[in-house]
Amino acid sequence: MQNTATELLKDSQSQIYNWTFQWIKNLGLDNQTNHFINSIILLLLVVLFLIIVDYFSKKTLLLLTIKAIRRSTNRFDDLLIRNKTLKLVAHFVPILVAQYIIPVIFMGFPNWKENINKLLAIATTVVSLLIVHSLLKSIRDILRTKKSFADKPLESYLQVCQIIMLFIGGTICFSILTGSSPWSFLLSLGAASAILMLVFKDTILGFVASIQVSANDSIRVGDWIEMPKYGADGTVKEINLNNVKVQNFDKTITTIPTHTLLSDSFKNYRGMQQSGGRRLKRAINIKISTIRFLDNEEIEGLKNIQILRSYIEERARTIDEFNSIHQIDPSNPINGRKMTNLGMFRAYALTYLRQNPHIHKTMPLMVRQLASTEHGVPIELYFFVNDIRWEYYEGIVSDVFDHLFAATKYFDLEIFENPASDDFRQFIRAQKISVLN
């Protein structure tokens with residue numbers, strides 16, 4: 001029954017070809033030219049017809065499927081529409097129609113008919129690969145919505161699949177064009193493997209790097225990384241086969257070759273983000289000439305600082321016990337143990353940080369004195385802020401140092417700074433006044 005239908009279709013196609021051929025034959029041209037013009041006219045008409053078929057097949061398929069998709073709660077079918085999978089499937093309709101119509105158009109040109117059939121076979125292969133690629137993109141998009149895959153380099157895996165698909169598609173197309181077996185083409189590639197390794201060197205390195213990065217969990221999408229060699233300091237937006245895209249804090253985009261993540265060093269702030277504390281390590285340089293011992297009157301005055309009162313009382317008791325046991329002569333302040341304004345300031349800064357609600361209490365917190373330099377004595381503050389958000393972190397740190405800068409005056413300390421032009425002007429003015437007097 002199917003053979004009978006096929007024969008009837010061929011007969012109708014032959015009648016169409018013969019009818020148009022007889023119409024062109026009236027132009028008085030030779031027989032070969034008539035066949036050529038007839039085939040060209042029919043080819044143009046068929047191309048127009050196939051475009052119309054392709055348009056209506058896509059519209060019909062979408063109308064039929066969209067109704068079913070709207071009733072479905074599954075997101076995967078929505079992604080199929082967004083990635084144009086259904087439109088690609090609709091391309092098979094004009095290809096199937098062309099496989100029945102094209103042979104009759106080139107009835108007078110057997111060689112052309114054979115070449116057109118090869119092109120149709122290649123078109124079928126290409127559309128099939130595009131459909132598979134669209135499906136893979138949909139799978140990638142649905143995996144991105146899963147928490148366990150949100151930070152994985154899915155783009156790299158998709159690109160690897162694309163390369164494999166291109167290789168398979170190229171092999172099939174070459175086999176169709178040459179009429180040879182795909183295995184013979186693959187065997188011939190063995191001799192050119194060294195050239196292919198050289199051409200795809202970066203791709204191979206990127207593929208290996210993306211697998212190792214994912215296996216070692218050294219970098220994820222959304223991580224804040226810093227790589228000064230490439231000017232990268234920001235959030236990882238995408239990890240693909242060839243490069244890693246980093247959006248810097250100034251909103252610029254830096255691309256880093258994926259394989260350099262294995263060969264070069266970079267800093268990943270994920271540990272800081274997961275810990276919930278962001279470190280601050282900064283020093284206040286105190287002018288050495290302002291450091292001195294405190295007398296009893298000054299110590300009593302500092303007891304008015306509420307957060308220092310208990311410290312001063314405990315410290316004074318400890319010092320008095322030590323000096324009494326060792327029979328220290330108090331007539332000279334340098335004898336025995338004494339309180340200094342710098343030591344009191346360090347105690348105040350440490351107590352202030354411990355009572356600050358924005359400082360992480362379970363992480364290291366200290367106020368220490370570093371080696372003195374030509375810029376004075378550095379009093380370093382080392383603590384962790386309990387808010388890792390950049391803008392809040394900077395605000396908290398600024399508030400802490402605003403307070404401590406202002407507090408140094410109450411301990412009769414001065415912060416070191418290089419002399420400014422106003423300092424020189426005041427010095428020169430003072431010298432002139434002294435000379436005049």
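Modeller: Gladly! Let's begin with Gln 327, which is found in the loop between α14 and α15; helices here are DSSP runs of H or I with at least four residues, strands are runs of E with at least two, and both are numbered from the N terminus. This is a predicted model, where local features need pLDDT of at least 70, side-chain atom pairs count only at pLDDT 80 or more, and totals for chains, interfaces and linings use all residues. Residues are numbered from 1 along each chain as its sequence is written, and side-chain values use heavy atoms, with hydrogens and water left out.

Biologist: Why is Gln 327 called exposed?

Modeller: Buried means under 20% relative accessible area, exposed over 50%, and partly exposed in between, with a 1.4 Å probe and protein chains only. Gln 327 has 71% relative accessibility, so it counts as exposed.

Biologist: What makes the phi of Gln 327 worth a remark?

Modeller: Its phi is near 50 degrees, a positive value in a residue other than glycine. Most residues other than glycine have a negative phi. Asp 412, also not a glycine, has a positive phi of about 55 degrees. Asp 412 lies in the loop between α16 and α17 (421–436).

Biologist: Why is Asp 412 called partly exposed?

Modeller: Its relative accessibility is 44%, so Asp 412 falls in the partly exposed class.

Biologist: And how do you know that the length of helix α15 agrees with its number of residues?

Modeller: The expected span is 1.5 Å times one less than the number of residues. For the 15 residues of α15 (residues 341–355) that gives 21 Å, and the end C-alpha atoms are 21 Å apart, so the two agree.

Biologist: What makes α15 mostly covered?

Modeller: Of its 15 residues, 12 are buried, including Asn 341, Leu 342 and Phe 345. The buried residues pack against several elements, among them β6 (278–286), α14 (309–325) and α16 (390–407).

Biologist: Which residues does Ile 291 touch, leaving aside its neighbours within four places in sequence?

Modeller: Contact means heavy atoms within 4.5 Å. By that rule Ile 291 is in contact with Ile 286, Asn 341, Leu 342, Val 377 and Leu 413. Ile 291 and Asn 341 are 50 residues apart in sequence, yet 6.4 Å apart in space, C-alpha to C-alpha.

Biologist: Why is Ile 291 called partly exposed?

Modeller: Ile 291 sits in the loop between β6 and α13. Its relative accessibility is 28%, so it counts as partly exposed.
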